[in-house]
Amino acid sequence: MKYFNEKAECMDRKSLKELQSGRLVKLVDYVYKNVPVYREKMRAAGVEPSDIRTIGDIVKLPFTTKQDLRDGYPFGMFASPRSDIVRVHASSGTTGKLTVVGYTKRDVDDWAECCARSLVCAGADKNSIVHVAYGYGLFTGGLGMHYGAEKLGAMAVPASGGNTARQILLLKDFQSDIICCTPSYALYIADEMEKMGVDKSQINLKAGLFGAEPWSDNMRIEIENRLGLKAYDIYGLSEISGPGVATDCVCQDGKHIFEDLFYPEIVDKETLEPKPYGEEGELVFTTLNKQGMPLIRYRTRDICSLTDEPCKCGRTHVRMNRVFGRTDDMLIIRGVNVFPSQIESVLMNNDRAVAPHYHITVDRVNMQDVMEIKVEVNENSFSDEVKRMEELQRKLEHDLFTAIGINAAVRLVSPNTIPRSEGKAKRVTDLRKI
Ligand code: DLL
């Protein structure tokens, strides 16, 4: 099976534009009538629904932000009557108040289709056994991939997060061929397998759909080697639906955004001016077919670029490259902008001397920003010889300076000492009081 929905995924770009235009016109009219915030924002911007005739007119519309969702907490942004909402999810974010998202029956179906498409992108079919180790609950990872697996007709194993020894037992006994979890949890599972003496030949994983947090190509190689599978990047956010907004295809060269449902734009993160394909900026989405809580030009805070270069897999939807961070995760260290994933990339580039388990602490000492990176040495390069360890530490510090221009103190720690995560990894502690 090559595609879940060939008609939608391989539509020629002209027909796709027509579909997007038609959907946008309907959407704008719908939210203008049903969501006071949109009506007010459009009036303030001097735009009427009748001004929107094609997808190109989208730039006339005002942006939506997480703050709008918080202001409307809990159900203020819903466009459907409460009685048509069949599900809610929520994400916590860093500032406390939850962002709530509501779905109608059709929204849940569309979302399940996106996850089914994503699973097929990674080679799954109806015979697959899909081990879902994303958390089930308000977080969208678990239920999203679960519904996707069922929609595909595959067998879903709702393992959820946690109890790693049992997860490994299930993987061994059920011989699941597909796994869905965060990339950091995939490595945790690999560590635990090693401790339990379970070799990758005893499990049957062929592919994994890893996402919900930034990760690097070097981490992909590590996961692929250790679990003996192909590691695919899956992207999404609860506000837009959940996992399955975009996914790597077998080419593993950028994630196809399911553009019949989600219209992507890249804008300059300061001026908010639209940027052409190929340029980096903040990713913005408009949900083209949602009923429960449609979003217009929603600013994701994720930084990436898009490409419309044709892809060998045959899908015509544009691709986004790796999200290497969010504008709000970006650390500014003595004026230099750094994303944790850039640091990860440098660390992992060192002949696999260190493990992809690290923690960054930033502090301010004598009015100066200081950064310390604790990183685990791999079992096979761990040595009692102080000199060898010091050399490795200096090399990492040097590489970080050369690649990113920051002076960071690297502290090597023994294998298995940095706390592991079953969901999204917490990579940074910022102690600065600014
Ligand atoms: O993380 C949805 C999801 C679940 C995606 C499972 C993929 C797999 P939220 O909790 O709302 O939703 O967090 C969304 O996570 O804006 C990105 O900053 C980050 N993120 C998600 N996927 C990726 C990825 C889910 N593949 C936020 N690479 C997004 C980098 C990602 N960052």
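Colleague: Which polar side-chain atom of aspartate 302 matters here, or rather, how many Å separate it from an oxygen atom of the ligand?

Modeller: The distance is 2.6 Å, from a polar side-chain atom of aspartate 302 to an oxygen atom of the ligand. Keep in mind that this is a predicted model.

Colleague: Okay. What about serine 238: how far is its polar side-chain atom from an oxygen atom of the ligand?

Modeller: For serine 238 the value is 2.6 Å. Lysine 424 also has a polar side-chain atom facing a ligand oxygen, at 2.8 Å.

Colleague: And how much of the ligand does the protein bury?

Modeller: The protein buries 94% of it.

Colleague: Which elements give two or more residues to the shell around the ligand?

Modeller: Helix H6, residues 140-152, and strand S7, residues 230-237.

Colleague: Which element gives the most?

Modeller: S7 does, with 5 residues.

Colleague: How many residues surround the ligand in total?

Modeller: There are 21. The closest are Asp233, Ile234, Ser238, Asp302 and Lys424.

Colleague: How does that shell split by class?

Modeller: It has 9 nonpolar residues, 6 polar ones and 6 charged ones.

Colleague: Let's stay with aspartate 233. Where does it lie?

Modeller: Aspartate 233 lies in strand S7.

Colleague: Buried or exposed?

Modeller: Aspartate 233 is buried, because its relative accessibility is 5% and the cut-off for buried is under 20%.

Colleague: Which side chains does the side chain of aspartate 233 make a polar contact with?

Modeller: One is tryptophan 215, at 2.9 Å. Another is arginine 322, at 3.3 Å.

Colleague: New topic: sheets. In what order do the strands of the 9-strand sheet come?

Modeller: The order is S4-S3-S5-S6-S7-S8-S9-S15-S14. The sheet is open and its pairing is mixed.

Colleague: Which are the edge strands there?

Modeller: Strand S4, residues 155-157, and strand S14, residues 306-307. Each of them pairs on one side only.

Colleague: How does S5 pair with strand S3, parallel or antiparallel?

Modeller: Parallel, over 3 bridges, with S3 covering residues 129-132. Valine 130 has isoleucine 178 in S5 as its bridge partner. Histidine 131 stands opposite isoleucine 179.

Colleague: And how many bridges join S5 to strand S6?

Modeller: There are 4, and the two strands run parallel. S6 covers residues 207-211. Isoleucine 179 stands opposite glycine 208 in S6.

Colleague: Which helix makes a β-α-β unit with S5 and S6?

Modeller: Helix H8, residues 183-196. The unit is right-handed.

Colleague: Now the 4-strand sheet. What is its order?

Modeller: S11-S10-S12-S13, an open sheet with antiparallel pairing. Strand S11, residues 274-275, and strand S13, residues 298-304, each have a single partner strand, so one side of each is left without a neighbour in the sheet.

Colleague: How many bridges join strand S10 to strand S12?

Modeller: There are 6. S10 spans residues 262-267 and S12 spans residues 281-287.

Colleague: Next, threonine 104. Where is its place?

Modeller: Threonine 104 is in strand S2, residues 99-104. It is buried, with a relative accessible area of 3%. Its side chain joins that of glutamine 291 in a polar contact of 2.6 Å.

Colleague: Last one: where does glutamate 372 lie?

Modeller: In strand S19, residues 368-377. Glutamate 372 counts as partly exposed, at 27% relative accessibility.

Colleague: How many Å separate the C-alpha atoms of glutamate 372 and lysine 2?

Modeller: They are separated by 46 Å. Along the chain, the two are 370 residues apart.

How values were computed:
Residues numbered from 1 in each chain as written. Predicted model: local features only at pLDDT ≥ 70, side-chain atom pairs only at ≥ 80, totals over all residues. Heavy atoms only, no water. Near = heavy atom within 4 Å. Polar contact = N/O pair within 3.5 Å; in protein donor to acceptor, adjacent residues only side chain to side chain. Areas by Shrake-Rupley, 256 points an atom, 1.4 Å probe, with all protein chains shown as cover. Nonpolar A, V, L, I, M, F, W, Y, C, P; charged D, E, K, R; others polar. Pairing = 2+ DSSP bridges. Right-handed = clockwise from strand over helix to strand, strands pointing away. Buried < 20%, exposed > 50% of the residue type's maximum accessible area, 1.4 Å probe, protein only.
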